[in-house]
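Let us walk through this structure step by step.

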Amino acid sequence: MKKFLLAFMVILLFTSGCATKDYNNTSSPTKAGTPLNNTHTAKITEMNTLKYFIPSAVTPDGSLFGVPGSNLTFWNPKTGEIKNIGSAWSGMLSPDATKLAYTDERGLYMLDVDTGAVTSVVQNPSQGDSSLTLGLWSPDSNKFMYMYVREWSSDYFIYNIGSGEKTAYEFQNIPNFLSSPVDWLDNGLLFIVHANKSKSGKQEYRENGYRSDLMLADIDGNFKPVTSLDDGQFVLYGGTTGNNLAIFIAVWEGESKTSVGLLNIDEEKIDFLPLQEKTFMGSISPDGKFAVLITAAKGSRLSAQVSDLVSRTVICKKELAGYEPPQHFMWSEDGRTVSFGQLDDNGNGILYTANIN
């Protein structure tokens, strides 16, 4: 998930003001020498978008990109302009918003957003028992990873936009088992990889393996663990700070327990937040000072809460209309605005925007 400058002002159709609230837990205090900061406030607003429209990226002019139904669509919330550029199964906009990777029943294609020129990358939507799936854009928008996903493993390829070369990406030093790429950073690719063998040496069938860890890989396929979780623990990824030093993660241990915290890459240590509600995931601001979390109290609908990570306070919370947790969080460059989309019970698109003061 890449961070773009949000160049639009959202019309305030619904406004919810929020006051600061301390976390009801003192077991994980702010780091020594860091003063508490309770001066920040936030508001979460919402506006209607398009039917079945969930945005995944924002362009420099403020238009949002999404694939409602099977339409590759740009929608500008400021002007109301809608631009449909074709049909597809899925689409992924490049970090610089100039290229669009998409798949359909014929294979994988690259679209030049400015000229409309389309390049065929692969013409096989499946290979045997595998299916073609979009992966990751490189930070400079010059390379794209795609994959053929099977039940237990995936075959990865990197497409060079300039040369047209397609290169197989192979795991060199770890088993490729239930792996998935989650981000492409300046210093490598981040994967979540599951383990097919327990730490005690047991190796028997388990649908999700024994555990999963976040791993950093270089372009040649050499992997280094970023987390070292216990059997029964599974990692979820919530983004990285702009300097690539801190990662926002969740550790899932079953329906009743999910812990969320900051992972310092250098120290390989997770600083967990003292949350009381079930957390589905979230995203961290580029400067690492704020996070938006998707939570739910028992028997309640999903809520979005904005947290000040310095003072360890919740500064805003709002109940959401839909039942599916948002997947794409779009932060402004200064980390003071984040937007995400969701569908309500009738499939109507809703854009939520949190503004932090």
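Start with a term for accessibility: a residue is buried under 20% relative accessible area, exposed over 50%, and partly exposed in between, using a 1.4 Å probe and protein chains only. By that scale K317 is partly exposed, because its relative accessibility is 30%.

This is a predicted model, in which local features need pLDDT of at least 70, side-chain atom pairs count only at pLDDT 80 or more, and totals for chains, interfaces and linings use all residues. Residues are numbered from 1 along each chain as its sequence is written, and side-chain values use heavy atoms, with hydrogens and water left out.

Now the strands. Helices (H or I, at least four residues) and strands (E, at least two) are DSSP runs, numbered from the N terminus. Two strands pair if DSSP finds at least two bridges between them. Strands of a sheet pair through backbone hydrogen bonds, either parallel or antiparallel.

Look at the open sheet of 5 strands. Its order is β12-β13-β14-β15-β16, with antiparallel pairing. β12 (126–127) and β16 (166–169) stand at the edges; each has a single partner strand, so one side of each lacks a neighbour in the sheet. β12 pairs with β13 (residues 130–137) over 2 bridges, in the antiparallel sense. There, S126 has S131 of β13 as its bridge partner.

Move on to β27 (residues 303–308) and β28. These strands run antiparallel and are joined by 6 bridges. A304 has K318 of β28 as its bridge partner. The two strands form a hairpin with 4 residues between them, and R312 in the turn has a positive phi of about 60 degrees. Strand β28 (residues 313–319) is largely enclosed by the rest of the structure, because 5 of its 7 residues are buried.

Next come the charged pairs. Side chains of opposite charge can pair when their charged atoms come close. A salt bridge is a side-chain nitrogen of Lys or Arg within 4 Å of a carboxyl oxygen of Asp or Glu. The count is 10 salt bridges.

One of them links K317 and E277, at 2.5 Å from N to O. K317 lies in β28 and E277 in the loop between β24 (269–272) and β25 (278–284), so this pair ties together parts 40 residues apart in sequence. E277 is partly exposed, with a relative accessible area of 25%.

Another joins D287 and R336, at 3.0 Å from N to O. D287 sits in the loop between β25 and β26 (290–296), and R336 in the loop between β29 (330–331) and β30 (337–343), so the pair ties together parts 49 residues apart in sequence.
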